[in-house]
Amino acid sequence: AMLGALGCIFPELLNGAGFDLPVWFKAGGTIFDKGIDYLGNPSLVHAQSALAVLAVQVVLMGASEAYRFNGGPLGEPKDIIYPGGAFDPLGFAKDPSKAAELKVKEIKN
């Protein structure tokens, strides 16, 4: 949520500094008008097709999820759905009863 707020506020601040960016709620629709220039540079990536962007997104997310599901860089995970290992840098899941309580709290949230 905080990154989403930053993504809404940052283009507005850049527009105040002289950039020509669409407002946050119209930014996705620019792909249908003139295409999207990533980082404002048309020679870098100029996306003109929403279907091509969707296809690339599905392939990249599918590959990363398959990598995670198959153990990733840390070997075979114990529980592939819930946190632990690299997804638990503060060690909240070390105590099984506390981890079960935190899982329920996360779902209720």
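I took a contact to mean heavy atoms within 4.5 Å.

**Entry 1: ground rules.** I noted that this is a predicted model, in which local features need pLDDT of at least 70, side-chain atom pairs count only at pLDDT 80 or more, and totals for chains, interfaces and linings use all residues. I kept in mind that residues are numbered from 1 along each chain as its sequence is written, and that side-chain values use heavy atoms, with hydrogens and water left out.

**Entry 2: the chain overall.** In the protein chain, among contacts between residues at least 6 apart in sequence, 2% join residues at least 24 apart. Then I read off the secondary structure, where helices (H or I, at least four residues) and strands (E, at least two) are DSSP runs, numbered from the N terminus. The protein chain has 4 helices and 2 strands, in the order α-α-β-β-α-α from the N terminus.

How much of the protein chain is buried? I found 7% of its 109 residues in that class; buried means under 20% relative accessible area, exposed over 50%, and partly exposed in between (1.4 Å probe, protein chains only). Accessible areas come from the Shrake-Rupley method with a 1.4 Å probe, and for residues only the protein chains shown count as cover.

**Entry 3: helix α1 and what follows.** Just after α1, G18 has a positive phi of about 110°.

I then looked for surface patches, made of residues with over 30% relative accessible area and no salt bridge; like charges are joined within 9 Å, nonpolar side chains (Val, Leu, Ile, Met, Phe, Trp, Tyr) within 5 Å. L3, L6, I9, F10 and L13 make up a nonpolar one, with about 560 Å² of accessible area together. F10 belongs to helix α1 and is partly exposed at 46% relative accessible area.

In the loop between α1 and α2 (30–33) I found V23, partly exposed at 27%. V23 and P11 are 12 residues apart in sequence, and their C-alpha atoms are 7.0 Å apart.

**Entry 4: aromatic pairs.** The rule pairs rings of Phe, Tyr and Trp (its six-membered ring) if their centres lie within 6.5 Å; planes under 30 degrees apart count as stacked, over 60 as edge-to-face and the rest as tilted. I got a count of 1 aromatic pair. W24 and F25 form it edge-to-face, at 5.5 Å centre to centre with 90° between the planes. F25 is exposed, with a relative accessible area of 56%.

**Entry 5: helix α3.** I repeated the length check on helix α3 (residues 50–69). Its 20 residues reach 28 Å from first C-alpha to last, close to the 28 Å expected. Just after α3, G71 takes a positive phi of about 110°.

Entry 6: Which residue forms a salt bridge with E101? I found K105, the closest N and O atoms being 3.1 Å apart; the rule asks for a side-chain nitrogen of Lys or Arg within 4 Å of a carboxyl oxygen of Asp or Glu. The structure holds 1 salt bridge. K105 and E101 both lie in helix α4 (residues 96–108), 4 residues apart, about one turn of the helix. An α-helix has 3.6 residues a turn, so residues three or four places apart point the same way. K105 is partly exposed at 46%, and E101 is partly exposed at 36%.

L102 is also in helix α4 and is partly exposed at 28%. L102 and F92 are 10 residues apart in sequence and 8.3 Å apart in space, C-alpha to C-alpha.

Note on methods:
The expected span of a helix is 1.5 Å times one less than its number of residues.
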